[in-house]
Amino acid sequence: MYIKKVAPPSGLLEEIEGSVQGHRDGHGFLIRDNGESDIYLPPNEMRAVLHKDRVKVRIVRQDRKGRPEGRIVEIVERPEQPIIGRLLNEGGLWLVAPEDKRYGQDVMIPKGAIGAAKPGQVVVVELTEPPALFGQPVGRVKEVLGEIDDPGMEIEIAVRKYSVPHEFSAGCIEQAKGLPDKVLAKDRKDRIDLRDVPLVTIDGEDARDFDDAVYCEPAKVGRGKGWRLLVAIADVSHYVQTGSDIDIDAYDRATSVYFPRRVIPMLPEKLSNGLCSLNPDVDRLCMVCDMLVNAKGDVHAYQFYPAVMHSHARFTYTEVAAILANTRGPEAAKRKERVTDLMNLQDVYKALLASRAVRGAVDFETTETQIVCDESGRIEKIVPRVRNEAHRLIEEAMLAANVCSADFIQQGKHPGLFRVHEGPTAEKKDILRNYLKALGLGLGISDDPHTSEFQKIALATKDRPDAQQIHTMLLRSMQQAIYTPVNSGHFGLAYEAYTHFTSPIRRYPDLLVHRVIKSILLGRKYTLPSLPVPGEAHAKLSKRLEKSRAAKGDSPESQAPRVRMSAADQRAWEAAGLHCSANERRADEASRDVEAWLKCKYMREHLGEEYGGVVSAATSFGIFVTLDSLYVEGLVHITELGGEYFRFDELRQELRGERTGIRYAIGSRVQVQVSRVDLDGRKIDFRLVHAGDDLLPRAMRDKGVSAPVEGERGKKHASQDRRLADAERNRSPIQALKASVKKAAAKKKGPRTTKPRR
């Protein structure tokens, strides 16, 4: 008898390397190094590993949808990762419950390893024994952060959770102490003296570092009218020398991180709030972009030069907006000598804005919130950040200076970092097209879209109740902006070349741009120092970019920069760009985590209270609602919508009741009650109190039906829907929205392999 050998399915014997990403429910995923779809790791496979471990996995099976499931065959690396959590004593055993639930296992602490920590306190744990199949991880208390309700505890947790550098090195601190307290006479040498020019700063009320100042006056440009616009930026590069201790710390941080009531600065305070900050009524060193802008808002000519300035006033956005709104009002009377200068700035801003419209640059109006705390750190209120005329005025002036910086680097044929923002990928274009089609807008995007197509949709929908959601989808369809030496333009702003020049106090790429501009002015070449090895965030972003490049069929050679540089220079600038981009994302994630914590903590004080709100996203497991007065978002689970069975329409993004026809879609108004707050999970649950009359179809109202009646089908699916929600709601509403639109598009095209859900 012959036995035919059957080959195993392709890929099942292959060992795949990647990083483990845990899930609060006990399972996990392998994030592949090659960027392909994630591999599901069941709970039993997660017992011997931790979130962030590097492992090799073999695919052992696929589910009916073609999604891979893996078995761990080797642990490649266990990165040193402090775990933050609360110290607990259960039955005489000490353990730490991780704050980040992706770790999935409590850490056992021997009695002699708790140090001075007390039960219930938040501590930082260092692992001494890794987890095993039949044993929990063991560790020791390395640092005690305090009580969970201590003011600022959420920030202490976030900076450690996301590995944000928050302590300067001894060398950096010592070097900062040696810097002067004011501009010295020798520092003014070989600089243009602008101390008589009435440059002013315009920032927020709570700003402490001032890195940009502006001045504008009418000027003849060519044969027509125009303006001379000066943008003066703090000359950080004069004090932070390449490769110095301060420079290494600044590179390690790459950006300042902003939290409510606290900033983790990129530079020591003596520089960020003192010597480099363009404070009023003191001399400061600066780099100036001096521009001639014509009546159409185009920069006719520009020049860069080092200068010394003396800020003539420190304005706030609110103050400038009030002055420009009424140049004869009380605010203007207090600043009478500066009113004409501000009016000139407004005139050049309007011209720059007109040029922006001609380019077709996208201008989305999204609502950002600000958390207001009292002196003790208790949250008083959550308010929207309002962008006024002064915000836009400064923004356009900074954009103009950044564009000139990019052009100057290109013209000088010198390597540097550009701020690149590419258009949507093919996949994101499909998702956006299906979403817009489902809305019935009659608008779409072409195969090779221009920025103006996005702006056209934004303008056409700005007065709709779901405008913010549409604008968010437009924005998310684009790729994230990055820093790179390979210039491929800025899609969102519709610029051929763009970089960051205007914030060297809080962004390292801006500091590098200043150094490059100075080198070009002196006829020299700037060489990057040997900087520290980039970390985990850099590696992740690098893999993501490689995947994107492969999808487009590009290679580093095909994307060769216009500026010729050696292979070593190319690698160095690419590494610096990736590092800065990754740390920018790390800072954003840490800030969002703290904001989510604070909102949950705030809503714990409002349990049981009722609020009006608007549906911001609809999913298969419920609706996300944003409260009108608090700008806080939470979930109304599908089982809280009434007893009947609701069907989710993926393309229309709405839930529809089968019996009554009641609909919950983006923009629908509802009344909700705060029912549950999960501080650890950063989640808020609402209970539906009253669905607005606009949700109930007129035919049902005419029949006297005021509310849906519970049906057997609703009961049958309730527990199933709840389990689905627990797994799915870890995604943000936007992620859920994008996933469902993508799923609907896939159904139309036919079956295909999809990524496991995370």
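How many of the 37 residues of α15 are buried? The count is 26, so this helix is largely enclosed by the rest of the structure.

## Overview

The structure described here is a predicted model. The protein has 758 residues, of which 53% count as buried. Its secondary structure comprises 18 helices and 31 strands.

Contacts between residues at least 6 apart in sequence give a view of how the chain is connected. Of these contacts, 68% join residues at least 24 apart.

Helix α15 covers residues 567–603.

Helix α10 runs over residues 426–439 and holds 14 residues. In general, an α-helix has 3.6 residues a turn, so residues three or four places apart point the same way. After α10 comes Gly440, which has a positive phi near 70°.

Helix α11 spans residues 451–461 and includes Glu453. Glu453 is buried but takes part in no salt bridge. Arg433 is the nearest side chain of opposite charge, at a distance of 7.3 Å. A salt bridge requires the side-chain nitrogen and the carboxyl oxygen to lie within 4 Å.

Which residues does Glu453 touch, leaving aside those up to four places away in sequence? They are Gly444, Ile445, Ser446 and Asp448.

## Salt bridges

The whole structure contains 46 salt bridges. One of them pairs Glu269 with Arg208, with 3.1 Å between the closest N and O atoms. Glu269 belongs to helix α5 (residues 269–275), whereas Arg208 sits in the loop between β12 (200–203) and β13 (212–221), so this pair ties together parts that are 61 residues apart in sequence. Glu269 and Arg208 are both exposed.

A further salt bridge forms between the side chains of Glu217 and Arg228, at 3.8 Å from N to O. Glu217 is in strand β13 and Arg228 is in strand β14 (residues 224–234), so the parts tied together here are eleven residues apart in sequence. Glu217 has 26% relative accessibility and therefore counts as partly exposed. Arg228, at 27%, likewise counts as partly exposed.

Arg682 and Asp593 form a salt bridge whose closest N and O atoms are 3.0 Å apart.

Through salt bridges that share partners, Glu99, Lys161, Asp593 and Arg682 are joined together.

## The sheet β27-β28-β29

Three strands make up an open sheet in the order β27-β28-β29, with antiparallel pairing. Strands β27 and β29 stand at the edges and have a single partner strand each, so one side of each is left without a neighbour in the sheet. On average, neighbouring strands of this sheet are turned by 20° against each other, direction ignored. As a general principle, strands of a sheet pair through backbone hydrogen bonds, either parallel or antiparallel.

Strand β27 (residues 646–649) is joined to strand β28 (residues 654–657) by four bridges. Within this pairing, Arg647 has Arg656 of β28 as its bridge partner. Three bridges connect β28 with strand β29 (residues 663–665), and here Arg656 stands opposite Arg663. The hairpin of β28 and β29 has five residues between the strands, and Gly661 in this hairpin adopts a positive phi near 80°.

Key. Residues are numbered from 1 along each chain as its sequence is written. Side-chain values use heavy atoms; hydrogens and water are left out. Two strands pair if DSSP finds at least two bridges between them. Helices (H or I, at least four residues) and strands (E, at least two) are DSSP runs, numbered from the N terminus. Buried means under 20% relative accessible area, exposed over 50%, partly exposed in between (1.4 Å probe, protein chains only). The expected span of a helix is 1.5 Å times one less than its number of residues. Axes are lines fitted to C-alpha atoms, for helices over the stretch in contact, and angles run from 0 to 180 degrees between N-to-C directions. Lys and Arg count as positive and Asp and Glu as negative; His and the chain ends are not counted. Contact means heavy atoms within 4.5 Å.
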